[in-house]
Amino acid sequence: MKPTYLAVIGLLALAGCNSAQQSVEPLPESLTYGENASKRKTQAAPGTMVQHRFMYEGQMVYETYEVQPDHSFKLIRRRMDQSGPQGNS
């Protein structure tokens, strides 16, 4: 009985270690925000990483997008910095 309990606990622990990446929701000013986002295309090659930065609620936001096979953008990463843009102290 004891090995069965250990196996069940181990499986439950592994189930919590999901390798699927959670999607990042776009903010206003993100390239993928709003009704025109699906129409926004680029000539960059699929797989290219595109950087975008903007101010949102007093914080500097740095976003990384991956160009998809249809040349649309997919938001894959976001970092927010409370210190604001460089040079503004």
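Two strands pair if DSSP finds at least two bridges between them. Eight bridges join strand 1 to strand 2, which run antiparallel; strands (E, at least two residues) and helices (H or I, at least four) are DSSP runs numbered from the N terminus. The model is predicted: local features need pLDDT of at least 70, side-chain atom pairs count only at pLDDT 80 or more, and totals for chains, interfaces and linings use all residues. Residues are numbered from 1 along each chain as its sequence is written, and side-chain values use heavy atoms, with hydrogens and water left out.

- An open sheet is formed by three strands in the order 1-2-3, with antiparallel pairing.
- Strand 1 (49–56) and strand 3 are the edge strands, each with a single partner strand, so one side of each has no neighbour in the sheet.
- On average, neighbouring strands of this sheet are turned by 25 degrees against each other, direction ignored; axes are lines fitted to C-alpha atoms, for helices over the stretch in contact, and angles run from 0 to 180 degrees between N-to-C directions.
- Strand 2 also pairs with strand 3, in the antiparallel sense and over eight bridges.
- Seven of the nine residues of strand 2 are buried, so this strand is largely enclosed by the rest of the structure. Buried means under 20% relative accessible area, exposed over 50%, and partly exposed in between (1.4 Å probe, protein chains only).

- Glu63 in strand 2 lies opposite His52.
- The bridge partner of Glu66 in strand 3 is Lys74.
- The hairpin of strand 1 and strand 2 has two residues between the strands, and Glu57 in the turn has a positive phi of about 50 degrees.
- The hairpin of strand 2 and strand 3 has five residues between the strands; here His71 in the turn has a positive phi of about 70 degrees.

**Nonpolar core**

- The largest nonpolar core has five residues in all: Leu31, Tyr65, Val67, Phe73 and Leu75. Such a core is a set of buried Ala, Val, Leu, Ile, Met, Phe, Trp, Tyr and Cys residues joined through side-chain atoms within 4.5 Å.
- Strand 2 and strand 3 are the elements that give two or more residues to this core.
- In soluble globular proteins, nonpolar side chains tend to be buried together.
- Beyond its neighbours within four places in sequence, Tyr65 is in contact with residues including Leu31, Phe73 and Leu75; contact means heavy atoms within 4.5 Å.
- Other contacts of Tyr65, again leaving aside neighbours within four places, include Met49, Val50 and His52.

**Salt bridges**

- There are two salt bridges in the structure, each defined as a side-chain nitrogen of Lys or Arg within 4 Å of a carboxyl oxygen of Asp or Glu.
- Asp70 is in the loop between strand 2 and strand 3 and Lys41 in the loop between helix 1 (2–15) and strand 1, so the pair ties together parts 29 residues apart in sequence.
- Asp70 is partly exposed at 44% relative accessibility, and Lys41 is partly exposed at 45%.
- A salt bridge also joins the side chains of Glu63 and Arg78 (3.1 Å, N to O). This pair links distant parts of the chain, with Glu63 in strand 2 and Arg78 in strand 3, 15 residues apart.
- Glu63 is buried, with a relative accessible area of 0%, whereas Arg78 is partly exposed at 24%.

**Ser72 and Asp81**

- Ser72 sits in the loop between strand 2 (59–67) and strand 3 (73–81) and is buried, with a relative accessible area of 12%.
- The side chains of Ser72 and Asp70 are joined by a polar contact of 2.6 Å. A polar contact is a pair of N or O atoms within 3.5 Å; within protein, one must be able to donate a hydrogen and the other to accept it, and residues adjacent in sequence count only if both atoms are side-chain atoms.
- Not counting residues up to four places away in sequence, Ser72 touches Arg40, Lys41, Glu66 and Val67.
- Asp81 belongs to strand 3 and is partly exposed, with a relative accessible area of 21%.
- Leaving aside neighbours within four places in sequence, Asp81 is in contact with Gln59, Met60 and Tyr62.
- Asp81 and Gly58 are 23 residues apart in sequence and 9.2 Å apart in space, C-alpha to C-alpha.
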